[in-house]
Each structure stands twice: as C-alpha cells, then as structure tokens.
Protein chains: 2
Amino acid sequence: MKKHNFTSGPSILPPIVFKQAAAAVNNYNDSGLSILEISHRDKMFLDIIEGAQVLVKELYALGDDYEVLFMQGGASAQFALVPMNFLNADETASYIDTGVWSDKAIKEAKLFGNVSTAGSSKESSYRFIPKGLNVESNARYLHLTTNNTIYGSQFHDIPNSGVPLIADMSSDIFSRPWDAKRFDMIYAGAQKNAGAAGTTIVIIKKDFLHTINKRMPMIFDYRKHADNQSLYNTPSVFAVYVSYLTLQWIKAEGGLAVMGQRNSAKAALLYNEIDRNSLFSGTVTTEDRSLMNATFVLSKPELEPAFNEMIKAAGIVGLKGHRLVGGYRASMYNALPIESVQVLVAVMQAFEKSV
Amino acid sequence: MKKHNFTSGPSILPPIVFKQAAAAVNNYNDSGLSILEISHRDKMFLDIIEGAQVLVKELYALGDDYEVLFMQGGASAQFALVPMNFLNADETASYIDTGVWSDKAIKEAKLFGNVSTAGSSKESSYRFIPKGLNVESNARYLHLTTNNTIYGSQFHDIPNSGVPLIADMSSDIFSRPWDAKRFDMIYAGAQKNAGAAGTTIVIIKKDFLHTINKRMPMIFDYRKHADNQSLYNTPSVFAVYVSYLTLQWIKAEGGLAVMGQRNSAKAALLYNEIDRNSLFSGTVTTEDRSLMNATFVLSKPELEPAFNEMIKAAGIVGLKGHRLVGGYRASMYNALPIESVQVLVAVMQAFEKSV
C-alpha cells in the first residue's frame, strides 16, 4: 500500500530523488563507481558540492557576498558553533524563545557569553510567536527559529532587529519565497526540505563571517570551512549529493514561489478541516500556525485509539505528535503531495461520521 | 570496464553493501518507505543503530564496559572533542606524532591544555613509527594514530603507555584482530573500512567516560551522546545504515581474523613487487609499512606519465599519492579484492618490461 508520510524529519523527499540517489549508490553517473566509494576530492564530487552551493544561492537570490557551507552535526551543532564563533564572553546575544530548539540554542549560547531574551512564548506553552521584540541595540546578533517543528508555530514575517539576524531554518528552509538577504546567517539540518540527514546547510554573509575574532578548534571555525569550500575535512558525501538532487527538484518544479503556493494550499486544506471538524482543534494561535507542521488534538482524547486505527488503515504514517505536546502533528514538507493531505482530511471526515 | 578502486577514502566497500544500500534508498525492508525518509526514532532505525553497536562490540570482543557511539564530523571533529572532554587546562596529554592527522590532533589539543610529544618522526618526513616512547606518567591520556593514510605507516603493536590510551583508527579500524580492550577510546571516520562518509564510530570505556568533569556544549559532550544511545540529535541515518551493512559483511566473511589474513596477503603481494621491481621503491621503513596504504615512488619520476597511462588503461583509479608526499599510494582496505592488487602488480611488471 502507498504510504502517506507525515513524519517530522528525517522526512519525505521527492520520488525522483530516491530514484536518482539509489541509482548513484549502484553506479554514479556511469562512472563504474558507487557514489559511496568516490573521494571527496574527486572532480565528480566537486561538481556535486559546487552545484549544490550554486543552487542554494540561486533559489534564495543571493550573490557572492554570501558563503554556502555543507557541514555536519545538524542544527544542534550550530546551536553551539554560532556563539563559539560569534559571541565573546563580554558580549550579549539576543534570542527569541519559541520552543524546544530555541531553548537548546539559548543554553549553548550561555556557555560563551551573555544571552538576553528578545521575546518568549514559553509561559504560554509556546502557542504563539512573540511580537513586540525587545532586542538590545548592542546585541552581537538576534537568533530565531523560523519554524517550530514540535509546537507547530512559524514566523510569517522576518523580524526587524537592527542587529545581525541569524535563523535556524531547519524545518522550513526552501519552503517559501523569503528575503534571505535580510539574514546574516541561515542554517538548517538538511533532513526536512533540503535532503537527507547527515549534512547541514550554512549560509553566511561574508561581511558577518569576517567579524569572527576568536580562536577555536579549526574544525569548528566557520572561516576554515569557508576558506576550504566545505572541504576542510571529508564532508558527508552522499548526504550532500541528496541535497543537490533535492535542490535540483525544487528548481525544476518552479523554485520557492511554487513551493510556497503548494505548501499554503496543503496547509489551508488541513487547517480548514481542523477548524470545521468539531472533533479536532489546533494547538497554535491561528495567525502563527506553521505551514510545515500542523499540530492538533482530538477534543475527546479517549477517541485517539479509534482515530489511530483509521489513520493506519489509510496508510498514513508519522502523524503522532511530539512526546512533549501529545496529540497529532502533520508535517507537510515540500515533497508531501497534496493527495496525502486529501487522504488525511478524508479520514478526519470519515472519523467524524463514525463517532 | 571494471574499476579497481585504490582510493584512500571515501573508498571501496563490498558490492553487497552497495546493492543493499541502494535497495534501501528505494524501499527499506519492504516498508514502502525509503531509508532516507524514516524518522531516527522509528523502530526500524533503532534496530539498525543498535544492531551496528552490537556488531562493533562483537567484532572487537568488547563487553558492556564500553559505549559505542555514532557521531558526526569525522576524525577531525574528534581531534577537538577528545581534549574538549578529557583535557583540563592544567593537565597534560601525550601525543605520538606520526603524520598530518596526528599533527592536527595535537594542534586542537593545545587549545585546551598542555601537550607533550611522546614520540615523533616528523624530522624524518614521517618515514617510520617512533619507538621508545616518552610518555609522561601523569598524562591525562596518550593519543596515537594507528595508521597514517598519507605517509603509509602503521603501528603493528599497541604501545605500552601506563596512561589511558586513545587511538584514531580512521584508516585501519576492523582491518585486523587487535586487542581493543587495551584502549580507553577508539574513534574512526567510517569512510574507509567501516562504511560511508558521514558517520564517526566512537568506542569509549565507561570508566574513562566517567572521568569527564568539564562543562561544554551539550552537543559536544560524549556523556550526552552515551546517555542518549547516539540519539541526542538526529544521526546521519543512511551512513549509520551503511556502517551496519559493512559490519554485517565483515562478520559474515569471518570477522577480523579473516580481514587481517586478506589484508596481509594483499599487502605482501604489492610490497614484494615494490621491492623486486627496480623501477619502484617504498617510502616507509619496511617494519612500519601500512597494510592499508602502500606508498611508493618511481625511481625515475620522468616515467610517471607513461606509468599513469598504463594504470588508467587497466581500470585502476585512486592511485595518486597525497599532494604532500607525491608518488603513488595504493589503498587496500577490507573491501578491495586481491584481484585488484594482482592487476596492479601485473601493470607494474608490464611497465618494467616496457621501459
């Protein structure tokens, strides 16, 4: 049976990416070699990583004033590397606290310097995106998590900050047209909209990169990675290739404008049903709802086992909410076809009739 | 034409691993999902990573007094993480300097504490493995690189140290029976004998792990990774799977005893020809030659273009020496069949006759 994959990440990718990636594991580009056995210094891989870097810039309309890096360790490593590189002990960084991932980023930053909270919805169980930010004018940078995978909220506007802006876009990178030029740094674990687990996309404005004035282990220094075109050490070759394929697919489909239209349509379809169907309710303030991860609960929790049965019978996987929040979470990344959302909505309607 | 892949890494893996990995990218284990789109918290992946951890211990006959972690960032990240976790500012760590990778590990360690050199062959262009080590009795640990991929030298005996022993085994892990119990920590980028680029195997004795008494970013703390069974953050799912497949293959072939026999036979075949053929000479002291990476040069460098032509015509790839050393390097990891070495030796003999 066809699966409808709503998993929060690692998550669904386009079928053509799976097909091309599998073929490359057997025989990359008719080279007689698997993609897994070629050197990262081989021309074949240099073409892949350079191609991927070019596509990242092209999709976000960024010029040569930005560096694109492929690193390892996911956003969790970036939580530490951002302050390790940019925050001196006597400086302050501003963070917006919108959930678990923001909180982890804040905890790591506190090991390196001072942290001030520009806004937080923690006291309200992260049900909304804080407005009216309080950013210290001399802050080294303002950090935000653009989409909150666990709680299902998302920034729909880029905050005005007056200081360098750094975004963790792990769960909504490449999902909509956004003015990337307003950010001094963007990072994202690839495993949602940008490929498979194992590589992390880091976009840094060169002017901002050059403000680093600390000494740290070479492997953690953004300058080292930029100076070596992400080949300071062996990158995650296959994962970079899967990102390259995914970026090619995004471009071929029409780029971020088309991704944004599709994602809006999918989210509208599901949120309309959540609001219409008396058995369900959303957990996030309407205006801050995520287009990527729709979180919702059953108004009668005792109905969960019956609903779970119907979901399963329809081939829907990955709909369980995060253990911190409970309920349900429908992750609708770029590669999720609207047909899968239609199937979910049909199940919700059938369930309503059945109880 | 069939390729004979002597690349130094990422490098050749067993054909069955490519076949199984490619199949999993299309449809993992008949789940209807690609290995690239399943959650790292899914039972399917938990079975993979637990299975891989069990096999690492089984192959090295290690008990429950050791932790096996799958991390990211390669050995280069471990160069920094080892002293970040284990070396306090007022302490001294002892390092054996046997090449580029040892030197990088030493440079990172110096950021965290004192480093004393237990032995070095730097002044002799790293042509041998230093004997008669000078290990400080109160050193926090002794660090060595068991195999030197670039220079082609290898430890054939485990040094006596009297202090905790830490080994970078990136290029010879699982290549021979070795008494792993003598090490307090072993780490290795997977991309030679243990899988594809993108994951790093870290084996730590629990007693040694518990000596960590520093505060550091959570993502860099070995204790966090151990406490969370390598799922503190999203691991490199596909790369861990490829390691699992590779470990299964090693076990099915007969384990480390068989790997060691095969690797010795391949190395003997090639070194015998290097020593017999007057056109070639090895670059490393005979007793310290690596079974993994045989480095050699042409006695008449002007013959290189002609030899390169013959290599290429035979389908041999990856034989170029590292840019720091020049000449040739034949990497003969576990998965390289002896037939490929026979082809190389035949080319060397044909070349001798042709000039």
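## The sheet of chain A

In this predicted model, strand 2 of chain A runs antiparallel to strand 10 (residues 200-205) of chain A, and the two are joined over six bridges. One of the residues involved is A:Met71, whose bridge partner in strand 10 of chain A is A:Thr200.

This pair belongs to an open sheet of seven strands in chain A, with the order 2-10-9-8-5-3-4 and mixed pairing. Strand 2 (66-71) and strand 4 (114-120) of chain A are at the edges; each has a single partner strand, so one side of each has no neighbour in the sheet. From one strand to the next, the twist averages 20°.

Is strand 3 of chain B enclosed by the rest of the structure or left open? Five of the six residues in this strand (residues 92-97) are buried, so strand 3 of chain B is largely enclosed by the rest of the structure. A residue is called buried here if 20 or more other C-beta atoms lie within 10 Å of its own.

B:Tyr95 takes part in both pairings: its bridge partner is B:Thr117 in strand 4 of chain B and B:His143 in strand 5 of chain B. Strand 3, helix 4 (residues 100-109) and strand 4 of chain B together make a right-handed β-α-β unit.

## Two helices in contact in chain B

Two packed helices are described by the angle between their axes and the distance between the axes. For helix 8 (residues 255-276) and helix 10 (residues 338-354) of chain B, the axes come within 10 Å and cross at roughly 0°. Angles under 35 degrees count as roughly parallel, and helix 8 and helix 10 of chain B are therefore roughly parallel to each other.

Helix 8 of chain B contributes B:Arg262, B:Ala265, B:Lys266, B:Leu269, B:Leu270 and B:Glu273 to the contact, while helix 10 of chain B contributes B:Ile338, B:Val341, B:Gln342, B:Leu344, B:Val345 and B:Met348. Of the residues in this contact, eight are nonpolar, one is polar and three are charged.

## Where the chains meet

How many residues of chain B are in contact with chain A? There are 49, and they touch 49 residues of chain A. The elements giving two or more residues to this side of chain B are helix 1 (15-26), helix 3 (74-86) and helix 7 (237-253) of chain B. The residues on the side of chain B that touches chain A comprise 26 nonpolar, 19 polar and four charged.

Notes:
Residues numbered from 1 in each chain as written. Chains lettered and ligands numbered in written order. Predicted model: local features only at pLDDT ≥ 70, side-chain atom pairs only at ≥ 80, totals over all residues. Buried ≥ 20, exposed ≤ 12 C-beta atoms within 10 Å, placed from the backbone. Helix = DSSP H or I, 4+ residues; strand = E, 2+ residues; numbered from the N terminus. Pairing = 2+ DSSP bridges. Right-handed = clockwise from strand over helix to strand, strands pointing away. Axes fitted to C-alpha atoms, helices over the stretch in contact; angles between N-to-C directions. Parallel < 35°, antiparallel > 145°, perpendicular 65-115°, else oblique. Contact = placed C-beta atoms within 7 Å. Nonpolar A, V, L, I, M, F, W, Y, C, P; charged D, E, K, R; others polar.
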